[in-house]
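Please read it alongside the sequence and the structure shown here.

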Amino acid sequence: MTAPIPRDIPDLPALPGVPTLLPSSVPASAVVTPVRHPLTAVYRLLVALMAAAGVTLDLLLGSPVRVLSYFTIQSNILLALVFVLSARRAWSARRPLPSALAGATLLYISITGLVYHLLLAGASSPFSMTSSAAPPAGWQWISNQILHTAVPIAALLDWLFLTPPGRLHLRQAATWLLYPLAYLLFSFARGELVLPGTPGRYLYPFLDVDLHSYKNVLANALLLGLGFYALAVLMVALDHARPNPVRHRGKTGFRLQPPVG
């Protein structure tokens, strides 16, 4: 015969060294079906090619070392590289690029367009680059329009209509200004290396120490820096206020779509 089963079985002690299982959250990528965005990828690739074409024209028309020293050229090169990577991710349904990188790229190309049209291209501006010289013509005019007008507008349209909102953060705005600050220091260092009296010693009139002195140039840089920061904050605010242009509604609550890459 078998012994009767006792009614009260004491709890077994926990085995030493066995970790307690913790609840874990399932990432959205594990339950969301990746979605390709071929039209977005094609658009971004075309914008990158347009920026590369404008940079190439400027390199063919001038000294490569001087051309590559311009903020305009550097911001367009950055945009071309970022848009190529972003187009590849949108085509292959991969996660988008970090928002800090995308926001910085948009800010720099916006600075390129705004500074050119508000300060450098206007005949009434005290820093105009066209008032004392003949306006650019031919291929130079085409490259100017590509780099300062077409590419910034195309980047803005991509942000407004092909990028989901709410990805930019206010804490990123200050870090985005590190590159303009580094460019200011580069401009001063370049001016010290170039012989005094050399044409184009300073690439932009508002940074020309020979004409305005260091005190006035630093004041100009401070005002521009405050304007750039205000523009960055405005970008973040608009990013959280604008509607989602790429929202896709699935048949069930589990078929949400990932952001555009």
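Which residues of α6 are buried? The buried residues of α6 are Ser143, Asn144, Ile146, Leu147, His148, Val151, Pro152, Ala154, Ala155, Asp158 and Trp159, where buried means under 20% relative accessible area, exposed over 50% and partly exposed in between, with a 1.4 Å probe and protein chains only.

## Basis of the model

The model is predicted, so that local features need pLDDT of at least 70 and side-chain atom pairs count only at pLDDT 80 or more, while totals for chains, interfaces and linings use all residues. Residues are numbered from 1 along each chain as its sequence is written, and side-chain values use heavy atoms, with hydrogens and water left out.

## Overall composition

Read from the N terminus, the order of elements is α-α-α-α-α-α-α-α-α.

Of the 261 residues in the protein chain, 36% are buried. Among contacts with a separation of 6 or more, 77% join residues 24 or more positions apart, a contact being heavy atoms within 4.5 Å.

## Helix α6

Helix α6 covers residues 139-161, and its 23 residues should span 33 Å at 1.5 Å a residue, which agrees with the 31 Å between its end C-alpha atoms; the expected span is 1.5 Å times one less than the number of residues.

The buried residues of α6 pack against α2 (38-61), α4 (71-91), α5 (99-120) and α9 (209-241).

## The contact of α4 with α5

Two packed helices are described by the angle between their axes and the distance between the axes. For α4 and α5 the angle is about 145 degrees and the axes are 9 Å apart, with axes taken as lines fitted to C-alpha atoms, for helices over the stretch in contact, and angles running from 0 to 180 degrees between N-to-C directions. The crossing of α4 with α5 is left-handed, meaning that the near helix is turned anticlockwise from the far one by less than a right angle.

On the α4 side the contact involves Phe71, Thr72, Ser75, Asn76, Leu78, Leu79 and Val82, which meet Leu101, Thr105, Tyr108, Ile109, Ile111 and Thr112 in α5. These residues divide into 8 nonpolar, 5 polar and no charged, where Ala, Val, Leu, Ile, Met, Phe, Trp, Tyr, Cys and Pro count as nonpolar, Asp, Glu, Lys and Arg as charged, and the others, Gly among them, as polar.

## Individual residues

Thr112, which lies in helix α5, is buried because its relative accessible area is 3%. Leaving aside neighbours within four places in sequence, Thr112 is in contact with Phe71, Thr72, Ser75, Asn76, Leu147 and His148. Leu85, in helix α4, counts as partly exposed at 46% relative accessibility, and its C-alpha atom is 9.8 Å from that of Ala48, 37 residues apart in sequence.

Pro164 lies in the loop between α6 and α7 (170-176) and is buried, with a relative accessible area of 7%. The C-alpha atoms of Pro164 and His240 are separated by 9.7 Å, although the two are 76 residues apart along the chain. Glu192, in helix α8 (residues 178-193), is in contact with Arg201, Tyr202 and Tyr214 once neighbours within four places in sequence are left aside.

How values were computed:
Helix = DSSP H or I, 4+ residues; strand = E, 2+ residues; numbered from the N terminus.
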